[in-house]
Amino acid sequence: MTPAEFEQAYERLAAALDAVGETDETLFLTRLALLLADACPDLDAFAAALDAAQAGLAPAAGE
Amino acid sequence: MPRPRGQTQSLYYEYPRYVSAPAPELGGEASRHAVAIVGAGPVGLCAALTLARHGVPSVVLDAKTSVGEGSRAICIARHSVEIFQQLGVAGRFLGKALPWTDGTSYYREQPVYRLRMPHGPDERYYPMYNLQQQYIEQYLVEAAQATGLVDLRWGHALDTLRLADDTAMLEVESPQGRYHLRASYLVAADGAHSRVRHQLGLKLAGAAYEGRYVIVDVQMRSSYPTERRAFFDPVANRGATILVHKQPDDIWRIDYQLRDDEDEQEALSEREIRARVGAIVAMLGERAPWQLEWWSLYKAYTLCLDGYRHGPVLFAGDAAHLVPIFGVRGLNSGLADAADLGWKLAMQVQGRAGPHLLDSYTPERRGATLDVFAQAGRSTRFMTPPSRGERLVRDAALSLAAGHDCARRLLDPRQSQPYSYAASPLTTPDDDCSLFAGGPTPGAALANARLDDDTFLLDGLGREFTLFAFGDAAPGDADRAALATVARDAGVDLELRCLAAGTPAAARCGVAEGGVLLVRPDRHVCARWRHADVARVGAALQRALGRSPA
């Protein structure tokens, strides 16, 4: 994906989030992640994206 | 809400007091001026100076008797300095302004993006200079006074305007009394609250953004270099943004965004401003004492007129368009308006313009405005996301920016660049663009390429049209005589500059192996060829003078 296309992806994602609305936001993003997992060439690519997305976020409070 | 100081009191700048003189019209002189300009801000003055450069006198009206009482731009882009160079005033600016190339964007406490504007040893000017608007105006006023062609009327306010028989009929209020003034052309450079626009019943159309910024000038000693600093979600303004720029005379511009729940009145109280600025100064790690110089409230708009020409009236700068500050396009696009308008109006007044020349002002400069809206609109949405979705994506991008190029690139503030008049009716498209390896395409501004230790391409720009001929494309004696004839037929001066091919300058112009660029007075390329054909040069000149229908 070119930088210009990535920028369009950014804008479309923002527009889609606004269209879906706050109530279904988490469900929408999780569905999107699953569909993008299916579009990944292999599991490693998806696992790397998962790790990168988690990096820097505080872990959930302990079980 | 009392300010600590009046609008023209300053910790560091002595505001000039210009004398308000009685208008000749008050003595019964019923003269008709070729050009009247309303507004002695940077745009009106730049228009007056451009007209004067072409030998056209103008009368400039301004309600105030000093400088810098309106907006407070601070960033002058390289392409504006090139305009100042043509007006002979660049040296004055370079002696005072602070040049810069870089910037840093922070997310929370971490630097996540480094801005590096294109710059190198082959550039004459830096990509950006910071200078307070009152200096910009003062230098332009002094240059205008020196021309002997600009009748600056301080304290003279436009009251009513009507158009009759293609003449602008102005009623002007001055300290010495009211008078009528007639002008064949009127340049409306009277800012965001343009009286001319209101008098003609015209409205700006477009979008307003929700985000609000308090913009503050602070006097503070600091050795921090001149660069753009942008802070997203910083400790001194959680959930919002801050911009910091250095100006001459130890002045710092701090723009901080108000959160949605903050009250404007309260935010603009001196006590609140001192508390906010104190926190920001502490966050910046500065320890020197600081003082408040000036503050105001800012909101972003992308608004413009449908047309920039209304009969004899031509709108320029904020009178024609309001653009967001992000990307520094307000002042810079206004100066480009004046540079475009100035030579066209001069040709028109002198009877040398074709029937379509003045009408090309709207497509060229409104086209530039719409391009600014697209670029600055994106920057504005990134700085102040207008919806929950935009905010979520922006915050996600910021949090990924440190480790991921794809997200980091989104932080580019898209600083002002000159607009290309590629689609202008004045521009002759390439016959075959494959003959050129890059370089300015027809409509684009000529690159100010280095020629040798001390000279650059734009030093050779003529007052009217210029033909830059590289290498084997330089015309022989017979062609030179024929070129002089086509220029005379077109009614303009055509300077010929012959330069070597195979040089870095030729390569930057896309004509490393030789070629010819025909350049307008405002340094935009209006046509180019691999070889100069006199008839084609003549046709392109006629077209650039508005003698071909759009």
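## Hairpins in chain B

β10(B) and β11(B) form a hairpin with 2 residues between them. Strands here are DSSP runs of E with at least two residues, helices are runs of H or I with at least four residues, and both are numbered from the N terminus. This is a predicted model, where local features need pLDDT of at least 70 and side-chain atom pairs count only at pLDDT 80 or more, while totals for chains, interfaces and linings use all residues. Residues are numbered from 1 along each chain as its sequence is written, chains are lettered from A and ligands numbered from 1 in the order in which they are written, and side-chain values use heavy atoms, with hydrogens and water left out.

Two strands count as paired if DSSP finds at least two bridges between them.

| Strand | Partner strand | Bridges |
|---|---|---|
| β9(B), residues 157-164 | β10(B) | 7 bridges |
| β10(B) | β11(B), residues 177-188 | 7 bridges |
| β12(B), residues 205-220 | β15(B), residues 251-258 | 8 bridges |

You can follow B:Glu173 of β10(B) in both directions: its bridge partner on one side is B:Ala157, and B:Glu173 also stands opposite B:Arg178 in β11(B). β9(B) and β10(B) make a hairpin too, with 2 residues between the strands, and there B:Asp165 takes a positive phi near 50°. Strand β10(B), residues 167-174, is mostly covered, with 6 of its 8 residues buried. Buried means under 20% relative accessible area, exposed means over 50%, and partly exposed lies in between (1.4 Å probe, protein chains only).

## An open sheet and a covered helix

In which order do the 8 strands of the open sheet in chain B come? The order is β6-β5-β13-β14-β15-β12-β16-β19, and the pairing is mixed. At the edges are β6 (110-116) and β19 (321-322) of chain B, each of which pairs on one side only.

Now find helix α2 of chain B, residues 78-86: 9 of its 9 residues are buried. Among them are B:Val81, B:Ile83 and B:Phe84, as well as B:Arg78 and B:Glu82. The buried residues of α2(B) pack against several elements of chain B, including α1 (42-53), α4 (133-147) and α8 (330-349). Just after the helix, B:Gly88 takes a positive phi of about 75°.

## Where the chains meet

The size of an interface is often given as the accessible area lost when the parts come together. Chain B and chain A bury about 1,300 Å² between them, 60% of it on carbon and sulfur atoms; this buried area uses a 1.4 Å probe and is summed over both parts. In chain B, the residues that lose the most area to chain A are B:Arg388, B:Val393 and B:Leu410, together 38% of what that side buries.

How many residues does each chain bring to the contact? Chain B gives 18 residues and chain A gives 12 residues, where contact means heavy atoms within 4.5 Å.

There are 5 salt bridges between chain B and chain A, each a side-chain nitrogen of Lys or Arg within 4 Å of a carboxyl oxygen of Asp or Glu. One of them joins B:Arg381 to A:Glu11, with the closest N and O atoms 3.3 Å apart. On the side of chain B that touches chain A, α9 (361-383), α10 (388-401) and α11 (405-408) each give two or more residues, and α10(B) supplies the largest share, 8 residues.

Methods
Buried area is the accessible area (1.4 Å probe) that two parts lose on being put together, summed over both.
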